[in-house]
Amino acid sequence: MKNRKVLIIRHGETQWNRQGKLQGRLDTPLTLNGVRQAMAVAAHHKRCIQETQDIQFWVSPLGRAKQTASILADLWEVPFNYFKENPALTERG
């Protein structure tokens, strides 16, 4: 079995994060700061993503996670459909 590395990226800041509210499975969009956070994470890891073979991407079905994944996909030049929804990644309610 070969060694595998896992990179876990949390969604960017949301409107409710900013207000200090717990959101669970309720969905609120990213703030402008959340978009900037996703872009910064994408830029930081871009080289590693581009150099990695046989990479798999999973995303929670929540909108804030998919919005973050979309930003990552754009900046990593990876088709968004490479990100497979996984309900197990949904935030606990």
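At what angle do α2 and α3 pack, and how far apart are their axes? In this predicted model, the angle is about 45°, and the axes lie 8 Å apart. Angles from 65 to 115 degrees would count as roughly perpendicular and those under 35 as roughly parallel, so α2 is oblique to α3. The crossing of α2 past α3 is right-handed.

Now the residues at that contact. On the α2 side they are Val35, Ala38, Met39, Val41, Ala42, His45, Lys46, Ile49 and Gln50. On the α3 side they are Gln67, Thr68, Ile71, Leu72, Leu75 and Trp76. Sorted by class, the contact of α2 with α3 has 10 nonpolar residues, four polar and one charged.

Next, the largest pocket. Its volume is about 1100 Å³. The lining of this pocket is made up of 33 residues, and the closest to the pocket centre are Val6, Leu7, Ile8, Gln56 and Trp58.

Which elements give two or more residues to that lining? They are α2, residues 32–51; β1, residues 57–59; and α3, residues 63–76. α3 provides the largest share of the lining, with six residues.

And how many of the lining residues are nonpolar, polar and charged? There are 17 nonpolar residues in the lining of the largest pocket, along with nine polar and seven charged ones.

To put the two parts side by side: α2 and α3 pack against each other at about 45°, and both helices give residues to the lining of the largest pocket. That is all I have on this model.

Notes. Residues numbered from 1 in each chain as written. Predicted model: local features only at pLDDT ≥ 70, side-chain atom pairs only at ≥ 80, totals over all residues. Heavy atoms only, no water. 1 Å grid on protein atoms, 1.4 Å probe; cavity = no way out; pocket = protein on both sides within 12 Å on 5 of 7 lines; lining within 4 Å. Points joined across faces, edges and corners; volume = space filled by probe spheres on them. Helix = DSSP H or I, 4+ residues; strand = E, 2+ residues; numbered from the N terminus. Nonpolar A, V, L, I, M, F, W, Y, C, P; charged D, E, K, R; others polar. Axes fitted to C-alpha atoms, helices over the stretch in contact; angles between N-to-C directions. Parallel < 35°, antiparallel > 145°, perpendicular 65-115°, else oblique. Left-handed = near helix turned anticlockwise from the far one by under 90°. Contact = heavy atoms within 4.5 Å.
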